[in-house]
Amino acid sequence: MAPDGPADAVAEAVGEAVAAISESIGEAVTAVTTLGQDLSVEEKKQAQPVAVAIIVGQVAQAAAAAVAASNTGRNKK
């Protein structure tokens with residue numbers, strides 16, 4: 001359904017952003033739950049800081065994409 005006005009466009013953009021964030025979080029959770037199943041305990045200890053940094057980066061990227069998506073319709077007249 002096409003938006004009828006600015007409020008509808010904003011609501012649609014926010015809804016899409018929330019859906020994208022939810023999907024990214026779901027993917028990150030899946031990655032975390034399967035991460036390191038093939039590693040030894042020592043390898044897991046060494047890899048943990050890198051894995052945390054990657055996940056934090058992915059969540060930040062998803063948040064930035066959501067902000068960008070919510071700002072897309074604001075500058076158009």
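This is a predicted model: local features need pLDDT of at least 70, side-chain atom pairs count only at pLDDT 80 or more; totals for chains, interfaces and linings use all residues.
Trainee: How many helices and strands does the protein chain have?
Mentor: Two helices and zero strands. Helix α1 covers residues 6-34.

Trainee: Why is E12 called partly exposed?
Mentor: Its relative accessible area is 34%. Buried means under 20% and exposed means over 50%. The value 34% lies in between, so E12 is partly exposed. E12 lies in helix α1.

Trainee: What makes D4, D8, E12 and E16 a patch of negative charge?
Mentor: Asp and Glu count as negative. Like charges are joined within 9 Å, and patch residues need over 30% relative accessible area and no salt bridge. E12, at 34%, passes the area cut-off, so E12 can belong. D4, D8, E12 and E16 gather on the surface as that patch.

Trainee: Why is V14 called partly exposed?
Mentor: V14 has a relative accessible area of 39%. That falls between 20% and 50%, so the label is partly exposed. V14 also sits in helix α1.

Trainee: Which residues form a nonpolar patch on the surface?
Mentor: V10, V14 and V18, with about 220 Å² of accessible area together. The area cut-off is over 30%, so V14 passes with 39%.

Trainee: Why is S24 not called buried?
Mentor: Buried needs under 20%. S24 has 27%, so S24 counts as partly exposed. S24 is in helix α1. Its C-alpha atom is 7.7 Å from that of Q58, 34 residues apart along the chain.

Trainee: What share of the protein chain is buried?
Mentor: Buried residues make up 10% of the 77 residues. The chain exposes about 5,900 Å², with 63% supplied by carbon and sulfur atoms.

Note on methods. Residues are numbered from 1 along each chain as its sequence is written. Side-chain values use heavy atoms; hydrogens and water are left out. Patches are made of residues with over 30% relative accessible area and no salt bridge: like charges are joined within 9 Å, nonpolar side chains (Val, Leu, Ile, Met, Phe, Trp, Tyr) within 5 Å. Accessible areas come from the Shrake-Rupley method with a 1.4 Å probe; for residues, only the protein chains shown count as cover. A salt bridge is a side-chain nitrogen of Lys or Arg within 4 Å of a carboxyl oxygen of Asp or Glu. The place of a charge is taken as NZ of Lys, CZ of Arg, CG of Asp or CD of Glu. Helices (H or I, at least four residues) and strands (E, at least two) are DSSP runs, numbered from the N terminus. Buried means under 20% relative accessible area, exposed over 50%, partly exposed in between (1.4 Å probe, protein chains only).
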